[in-house]
Amino acid sequence: MEIKNKNVFVTGSTRGIGLAIAHKFAALGANVVLNGRSAISEELLAQFADYGVQVVGISGDISSSEEANQMVSEAIEKLGSVDILVNNAGITNDKLMLKMTAEDFDAVLKINLTGAFNMTKAVMKPMTKARQGAIINLSSVVGLMGNIGQANYAASKAGLLGFTKSVAREVAARGVRVNAIAPGFIESDMTDAIPDKMKDAMLAQIPMKSFGKPDQVADVAVFLAQQEYLTGQTIAIDGGMTMQ
């Protein structure tokens, strides 16, 4: 798929990986929807001024099917279509199983997994009608290998992988491709705050001995959007952590 002049909706794109993905698509000439729970600031929109593309801020709660439908409808009204959907929004609520409540578990699945379902459902009819589109789901290496204290997060991210494959099979003949990215440890405000001893332990699990960067994840998102014969796949960008 040619990226230039396409319309890209990136959920959870006010910071981190989501914002990096939005910048990468805009730099290639795509129009972008920035999304978050709160109103999108003028300062954030101004970051995209030099790209010469349309950038729209649409806020809402992806865990609500009604709000997801409203956000996609607004994007289509303002841009004409949603050609690429990046389901990036996600939360964590880490606790050991002995201390994790049903509410802790459900809250993470509601955003990370049900939210992706809601947004995918909202774009499915217009994409299949147009017989073209790309959906990219942000999973995690935790969904591939599990992690102590993250049963809720791992379940949501592993669920996204099964969701990706199932939807990809359903819509492949309609020209819509669905793929997933499983990032490993990526540089962020969170990793910056990690104590050196813990950071060293994390790096010891990575064959390449370094954290990834949001821009590198964004490169994979663009690759998946462009490749017209690639669907139902998961690309782990993790410095070799989960290599087979």
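Biologist: Why is Asn-87 called buried?

Modeller: Because its relative accessibility is 4%, and buried means under 20% relative accessible area, with exposed over 50% and partly exposed in between (1.4 Å probe, protein chains only). Mind you, this is a predicted model, where local features need pLDDT of at least 70, side-chain atom pairs count only at pLDDT 80 or more, and totals for chains, interfaces and linings use all residues. Residues are numbered from 1 along each chain as its sequence is written, and side-chain values use heavy atoms, leaving out hydrogens and water.

Biologist: What makes the link between the side chains of Asn-87 and Thr-120 a polar contact?

Modeller: The distance is 3.2 Å, and the term takes a pair of N or O atoms within 3.5 Å; within protein, one must be able to donate a hydrogen and the other to accept it, and residues adjacent in sequence count only if both atoms are side-chain atoms. The Asn-87 side chain has a polar contact with the side chain of Asn-137 too, at 2.8 Å.

Biologist: Which residues does Asn-87 touch, leaving aside neighbours within four places in sequence?

Modeller: Among them are Thr-11, Ala-116, Met-119 and Ile-135; contact means heavy atoms within 4.5 Å.

Biologist: How do you know that the chain is as compact as a globular protein of its length?

Modeller: The chain has 9 helices and 7 strands (DSSP runs: H or I, at least four residues; E, at least two). Its radius of gyration is 17 Å, close to the 18 Å from the globule rule for 244 residues, so the chain is that compact. The radius is taken over C-alpha atoms, and the rule is 2.2 Å times the number of residues to the power 0.38.
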